[in-house]
Structure formats: C-alpha cells, structure tokens
Amino acid sequence: MTNCKITILPANKRVTVPKGTVLLQAIQQAGVHIESACGGQGVCGQCRVKIEEGRYNTETTTQLSGQECAQGMCLACLTLVEGDLTVSIPRLADWEKAQILEGEGGVTLELGHWQINPALKKVHLKLPPPSLDDNLSDYERLRRELHRRGFPDRHLHCELPFLQKLGQVARQHHWEVTVTLIQSDTVVDLIEIEGGDVSQHRFGLAIDVGTTSVVVHLVDLVTGKTIDVASSYNAQAACGDDVITRIIYSQKADGLIRLQKLVIDTINRLIEEVSSKHRIDFQRIDSIVAAGNTTMTQLLLGIDPRYLRQDPYIPTANSFPMIRAAEVGLRVNSHASIYCMPCVSSYVGGDITAGVLRSEIYKQEPLTMFIDIGTNGEIVLGNKDWLVAASCSAGPAFEGGGVKCGMRATSGAIEQVRIDAATFEPTVRVIGQGKPVGICGSGIIDGLAQMLMAGIINRKGKIYTDLGHERIRVADGIPEYVLIWAKDSATETDIVLNEVDIDNVMRAKGAIYAGFRTLLIEVGLNFDVVERFLIAGGLGNFLNIESAVAIGLLPDIPQERFKYIGNSSVIGAYLALVSAELREESERIANSMTNMELSVSPAFMEEYLSALFLPHTDLSAFPSMREKLEQEYS
Ligand code: FES
C-alpha cells in the first residue's frame, strides 16, 4: 500500500496516511482540530481547506463557490489523498482560545441550609488490635468500629479487593487506617483502605460533559472549595457538532468506542492540567460527578445511544448506577466512583437536572422558564409545585454550523455586529481582537438583527438585492451581505452572511421559540405569567438579549425578567459532589419533571411555522419591534 505524507499548515504538523485516506481523517489523525459540524457528511461546509500542492481527488460541492474552487479550496471530508500533500486550513478551530463558560470557579458556593457533606467520605479509624479476649476477624473489627461511628452495620458492604488488602494494611500501620466509603440511603460501600490518617486528602471532580465543550472543576472535598477549573472543546466534535450526528457516528464500525475514547481523553487531559498544576496526585481524586445531556452521558459510559433517535425515543437509563472510574478509563484513583446526574428523557438530560438544582426553581414560588440553547433547546417551566420539561432540535446554526462563514466562539470569531442603517457599513467585535476568521452564534444573531433593523433584509429573511450597495450582492446565485472584506479577514476571503445562512438561523430560532410557546400552551399559560426567564449555557452568556428578541428567538417581555445563570450544569454537578443530600435532591428533581414530547403536540408545527418570520408572523407578540418594523414595511 502506498503511503502519502501530509503537511498541514499553519500548524505545520505532519502525518503519513495510506493513499485513498479521506483528508479530514488525515488532518484529525495529525491532531489538528478542524471544524467539522456535520461529522464528515459534506453538508456543513466547515472543513474547507486549501490545497497548496500535491495530488488529491475531490467531489464537487455547492458549499464552495467557483472562485473558491479555482483557488484550490476543497472540503476535507470530500477529498481523498492521492499523493503527498500540503494543505492549509483557513479556519482552524483554536480550542485553546475558546469562550467556554467554566462556572463559578475558585469559590465555595452557597449551599443554603445544606452542609458540605459529600457522599464520598474518608473515615480515620484507630482499631483496637486483636487479642485472645477480643478475637473478632479483621473485617468484623472494622465493621464494629464503623458501627460505633454511626454507619449502620446492616448497610456496610465491600468487595473482594478491599478484603484482600485489609489484613496487611491494618497490621502494617498498627491498626490505624483510613477507610474510603460512599454512603447512600441503603448502602455504605467500603471502597478503599489506606494506612494512617489520610482523611484530609479528599478531592473530587465536577464535570460538565457538553456536546461542544467539557469543563472540569477540581474540588477539595474537605472544604468544598473549587481549587481550579479547566475547560476544552469536546474532542468528539471531530465526529460532528450535534447529538444526532454523534449518534449516527456511533453506529459506524468502532464509532461508539471512538466517541467514548475521545471524551474520556478530553476529560483526562483536563484532569492532568488541574491536578499537576496544584501538585495533587490524581490517585487522591476519588469522587466524580458528571452532568451531560442524555446522549453525552450514554457516550461517556459507552452505552449505545441508537435508541435515543428511534421512535419512541427511549433512553437506556435515566438514572445511572454508581460506576468505577477505572471502568471507563478515567485517570483518577481506580476505586473512584462516577455519579452521573439523572436524566429526564432522551433529550432532557442530566445537565438540565443539574441546572434546575443550581437555579433552585424547584423550591421557589415564581413561575420560571429555564432555557439552555445550543444545538438543542432545552426548556423547563415551573416552580416549587410543578415542573415540565421539553426539548427541541435547533440544529448547529447557533454553534456556527450550517452557516457559510460560521465558526465556534473561539479566537477570531465575530461575536458582535452593528450595522449603520444609513451607510450599511458594519462595525464588529472579534474574540481575541485580531483579524476576523468567521462569525460565531452571538455574532450571527446580532448580524441578523442588525440586517433587519437596517432594512437589508425583510421579515422573511430575504436580502434586498436592489439597494445599490457594494456589500449587498449575489454570489453563485445566492444573495449575501459582505460583513468583512477579504483584505480585512484572516482567511483572505470575504466573510459574508447569505440567504442560506439566514434561512438556517431562522429555522433554528423558530424551533426554539415554538418550543417555548408550545410548552406554555400545553399547560394553558402564556409569556405574561412567566416571572423569570433564566438563560443557561454557553450561547446564553454571550447573547445580546435585544438582538435575540429582535429576531424572535426570545420573547418580547420586560428585559429585567431575563437573567443569565452561566454554566449551571457544572455548578449543579458541583453541588451533587459536595452534598450527598443535594445528590438525592437531584434524583427527586429528575423524577418530578414531566417530560413533554413537543414533536407530537399539534400546536408545535403551527407555532414553528408562525415563528419563521422576523421576529414572528404575529407582530403583536413583539410590541418593541412592531413600531420599527411597521415603519419599515409600510
Ligand atoms: S462538510 Fe466536511 S465536515 Fe461538514
């Protein structure tokens, strides 16, 4: 078999692959993170590369303009390596400079009336040495002491490796030992025995396993303080941006194994980062709480997720047994346990349960809508008396997918757009302040709102091509607005928003808004009675509320009702890590949430179609936009 050498610029990484390898795989194999929202299906257009030299074979695609093809651009997922190649990636996913919401690091959170009381405990014991008068076995001796310390004897349980160590450790350390145990309502699991007193060395991890990013909090379980936080993009993104693409990928040969390995590798890298920085032996980490959506949780545990997208959409489990970290390959103490935050349904996961735990809406009076917008929109509505939950598929538009110049919120992404209505000239803010590379979710929402307000597009999202301005043009038959000229962009190509992009964003925002409305309709309410609107998740924090209302993504209600609550998933996981009571509370929350299947609600499609306008078909629902737009279209 002929091998080919691939050189990847600007990272200048090299990899050797067999002739006929898909270029996207070769680039990923070289450890270069390239945007690939659709997981290599040739539909997102994000994996574009420029072939500097060498032999290749590529399929034609509508994702690239004639000009781009003439410049040697191609989609890496549609290109086969035919010989040695040098390729450059104009839109590199700079994961190191990503805007990832890490939660509230470095603080001990307010636990209300709950105490720092982790389910995992280390108990220091001085056992009386055996004698002819006190001749209980080692295990009975230990149980007797634990019983004296308040652990019910009938609940105590251990596995064989514990017994195999017990006799030797106890004698070597003159019967002074530390026992690590995990306590629940009905069982006290003895998981480790060590010599001497190491009861003050207890560390745990709270992890948000997001579809896009992973956040790890290293927590001192004695004080409850977060020692450090680390985050990164989820390396599974190489297999697609959204959960559906990942589920499809999991069905390939070794797909599930690869997806599990990628997320475990991501977490292990972050564990290494925080533990080595603080010189904490990873063997001292013995408790983990992970919060993720249902797909991410199943992939983390290596559970086949295929049934999540097959009618009637039933997950393998909503509540997960405690498992050993070693079973999934996490680099911590091999006895460490992982608790996964309980899910509600196939598309309302443990991250939402964690968010509800964090936001405390389940114990407060005001009627609250909690939302998390990403590739899916998850919604919880309720208060201390009742909670309903639903989800709707938004697609990857808010993560930059399905948008020609879209990208994640990393260095070089346009995150804010203003357009002068008189001159049509834009002003943008770029993450990292360098030359722009593309446009991320918050920039896309801003851009759309500004184009509407400036009269560049109509309420159907169609561009007025007769405005006689050089920024408004038709390229390859598709009307577009040039946000950044090639000379000012890092990619040396124009950064545009075109009608296809706008259409994708309108469908995404339409699905989310229809989700809000349908959930309210199902419980016989409307936006007027929603007293608080809590926005969680990555996009939420960088979202301009005014722009989101202008395009009809968010309802037109008084601005003071909106509140960002950041990465509530990781904070909820933190709470369940440091408090056994809050861990049990999270089980109760998940069990108490009624899941609504929006797709079977007759109202959903009607609401969705009504929401496919800017901001909405019914302008009376958007009074703050009404006057402006009625002037525009009168
Ligand atoms: S078009 Fe290549 S990964 Fe999406």
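## Close-up views of a predicted model

View 1. Pro-10 sits in the loop that links strand S1 (3-9) and strand S2 (13-18). Helices (H or I, at least four residues) and strands (E, at least two) are DSSP runs, numbered from the N terminus. What you see is a predicted model, in which local features need pLDDT of at least 70, side-chain atom pairs count only at pLDDT 80 or more, and totals for chains, interfaces and linings use all residues. Residues are numbered from 1 along each chain as its sequence is written. The peptide bond between Leu-9 and Pro-10 is cis, with omega about 5°. The loop between S1 and S2 also holds Asn-12, which has a positive phi of about 55° although it is not a glycine. Asn-12 is exposed, with 9 other C-beta atoms within 10 Å. Here a residue is called buried if 20 or more other C-beta atoms lie within 10 Å of its own, exposed if 12 or fewer, and partly exposed in between, with C-beta atoms placed from the backbone.

**View 2. A hairpin of S19 and S20.** Strand S19 (residues 413-419) runs antiparallel to S20, and 5 bridges join them; two strands pair if DSSP finds at least two bridges between them. Look for Val-417, whose bridge partner in S20 is Val-428. There are 6 residues between the two strands, and in the turn Phe-424 has a positive phi of about 65°.

**View 3. Helix H5, largely enclosed.** Of the 8 residues of H5 (residues 243-250), 6 are buried, so the rest of the structure largely encloses this helix. The buried ones are Val-243, Thr-245, Arg-246, Ile-247, Tyr-249 and Ser-250. Their cover includes helix H6 (255-277), helix H7 (294-300) and strand S17 (376-382).

**View 4. The largest nonpolar core.** A nonpolar core is a set of buried Ala, Val, Leu, Ile, Met, Phe, Trp, Tyr and Cys residues joined through C-beta atoms within 7 Å. A second, separate core has 22 residues, among them Ile-34, Ala-76, Val-81 and Ile-89.

View 5. A cis peptide bond, with omega about 10°, joins Asp-311 and Pro-312. Pro-312 lies in the loop between H7 and strand S14 (323-324). Glu-492, another stop, is in the loop between strand S23 (478-484) and strand S24 (495-498). Its phi is positive, near 60°, in a residue other than glycine. Glu-492 is exposed, with 12 other C-beta atoms within 10 Å.

**View 6. Confidence along the chain.** The mean pLDDT, the predictor's confidence in each residue from 0 to 100, is 91 for the protein chain, and 95% of its residues reach 70 or more. Confidence is highest in H7, at 98, and lowest in helix H12 (residues 538-542), at a mean of 71.

Methods: Contact = placed C-beta atoms within 7 Å.
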